[in-house]
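Hi everyone, thanks for making time this morning.

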Amino acid sequence: MDPLWITIAFFCGFLIRQLGLPPLVGFLAAGFILNALGISGGDMLQKVADLGVTLLLFTIGLKLKVRDLLEPVIWAGTSLHMTVTVALMSLVFMGITYFGLPLFTDLAPANILLIAFALSFSSTVFAVKVLEEKGEMSSMHGRVAVGMLIMQDVLAVLFLTASTGKLPSPWALVVLTGLVLLRPYLFRIMDRCDHGELVILYGFFLALVVGAKSFDAVAMKADLGALLIGMLIANHPKSKEMAKSLLGFKEIFLVGFFLSIGLAGVPTWETLGIAALLAALIPLKTLLYFFLLCRFRLRPRSSLLASFSLANYSEFGLIVAAVGVSNGWLDKEWLTVMALALSLTFVMASPLNALAHSIYLRLRERLARFEVSGEHPDDLVGVDLVNVAIFGMGRIGSGAYDFMTERCGTNVVGVDLNENVVQQQRDTGRNVMLGDATDPDFWDLLKRRDGLARLELVMLAMPKHRANLFAAEQLRKAGFTGTIAAIAMYDDQLEELRLAGVDSAFNFYAEAGNGFAEHVYEQALRSGVLPGVCQVSS
């Protein structure tokens, strides 16, 4: 049935994409279609799904800093949200039991707490997919959302350990210590892997063997082993290259994950109705995220975007429900209900996240009342009076910065939303500040402080096309009349950028050859040794 999986998954994802929704919604629909056709997932699909989740957590670890998890908004915010969510949902379910709704009538208080606990998690897979697609993994709201998800994963593992009655092996501490001690040697091997297929294969080795298998061998959750080993090598210079190399593999394997959710059970009108009821509680969970994040001094925009990415139920809810069914605590129908509720929340959250920036713009004044006064970790910094501003200080942005300062003698500032990148750039002597080009508040602040007065050129060099597109639109709305230049990866993106008000749009893959030839020509010109054909032409 593998060709059938691929065919239905592709066409469902393709059709959903034409509607402006993420393809993962189509993959969920494909799972339900396969289910309706009487096709079961089988061991192979489950292995593919597990592999996708393992690689996902490994790549998260490659980008995660331990100190991020120690911030109060992460550990305290997660604990508070889960506690309040479990309490509120338990009260709701206890009220429902008095109405004689199927599956609720015979639930004991302990069973109700278990279901509420399962629904208190948010999906790591969904949130990371959404944040990566929008290029917001390194933003304040992206880092907070991922940090809270990691804390939830840790709490889920503690529950699974307690519920099965199986403690980690006495060798678990030895494995943890051994992995930490192995770190320098893992770095040395990575240094000698050069680039290409060895880096990819080494990533698979680290995630699936060193991380996952070592944890599994001592009765700890394999996925957390992959996460930990990713965190241990996150500071290596090649960690970003490895994450990019594994991206395609992770995306394909995660298709299996979404298919497996749709194939988790055969829906009935009864289970579908209860799942819809559970999905209707998602606004309560989302509002609680927003309120708590505001109380931890995030600005309303960061709180809203983080809350939207967490506005769903989690695959861990399925695991908790499976444990409850296997231990006889819940009826087996609850597993189908959880799968349906998870799928419904994915469908609900996809357009919500796609329209997140537009929703914030409409509600900005109303949301401002929830802002807590004082210093915020994501406070805006206005761009100084400069001639050129470059957004996105990766390799392309850094090269553009150096060119404009050395060749044009202009006053240049670089802007990036990743504080680690900002610090690294400052250490090299570049004038770089923290800022998010997709934040409309940033452009409003820039306008109020007359930051647009001397600004003549804005260069958008962010890696995600949607971020460059949105920034260009915000610039023109703010009244910027200077020149906007932006990069793109594909020709069809060039036209979108031009329609958004970009004056010069470049396909950096196509322009790479021109840049290389120009560099060689200028070097030869300075050395006085020009190729014969160039001398004739000149």
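This is a predicted model: local features need pLDDT of at least 70, side-chain atom pairs count only at pLDDT 80 or more; totals for chains, interfaces and linings use all residues.

Let's start inside: which residues touch the most other members of the largest nonpolar core? That core has 118 residues, and the ones with the most partners in it are Phe-58, Phe-93, Met-242 and Trp-334.

Let's pick out Phe-93. Setting aside neighbours within four places in sequence, Phe-93 is in contact with Phe-104, Ile-112, Ile-115, Ala-116 and Leu-119, and also with Leu-278 and Leu-281. Apart from the core we started with, there is another one, made of 29 residues. Val-415, Ile-484, Val-502 and Ala-505 are among its members.

Now on to a pair of helices. Packed helices are described by the angle between their axes and by the distance between those axes. Here I'd like you to find α14, residues 282-295, and α15, residues 300-309. Their axes come within 8 Å and cross at roughly 145°, and the crossing is right-handed.

Who meets whom there? On the α14 side you'll find Thr-286, Tyr-289, Phe-290, Leu-293 and Cys-294. Facing them, α15 brings in Pro-300, Ser-303, Leu-304, Ala-306, Ser-307 and Phe-308. Sorted by type, the residues of this contact are eight nonpolar and three polar, with no charged ones.

Last stop: aromatic rings. Phe-10 and Phe-11 pair edge-to-face, with 5.1 Å centre to centre and 75° between the planes.

What about Phe-10 and Phe-14: why does that pair count as stacked? Their ring centres are 5.9 Å apart and the planes sit at 25°, so the pair falls under the 30 degrees cut-off for stacking. These two residues are four apart in helix α1, residues 2-18, which means about one helical turn separates them.

Taken together, Phe-10, Phe-11 and Phe-14 form one aromatic cluster.

Key
Residues are numbered from 1 along each chain as its sequence is written. Side-chain values use heavy atoms; hydrogens and water are left out. A nonpolar core is a set of buried Ala, Val, Leu, Ile, Met, Phe, Trp, Tyr and Cys residues joined through side-chain atoms within 4.5 Å. Buried means under 20% relative accessible area, exposed over 50%, partly exposed in between (1.4 Å probe, protein chains only). Contact means heavy atoms within 4.5 Å. Axes are lines fitted to C-alpha atoms, for helices over the stretch in contact, and angles run from 0 to 180 degrees between N-to-C directions. A crossing is left-handed if the near helix is turned anticlockwise from the far one by less than a right angle, and right-handed if clockwise. Ala, Val, Leu, Ile, Met, Phe, Trp, Tyr, Cys and Pro count as nonpolar, Asp, Glu, Lys and Arg as charged, and the others, Gly among them, as polar. Rings of Phe, Tyr and Trp (its six-membered ring) pair if their centres lie within 6.5 Å; planes under 30 degrees apart count as stacked, over 60 as edge-to-face and the rest as tilted.
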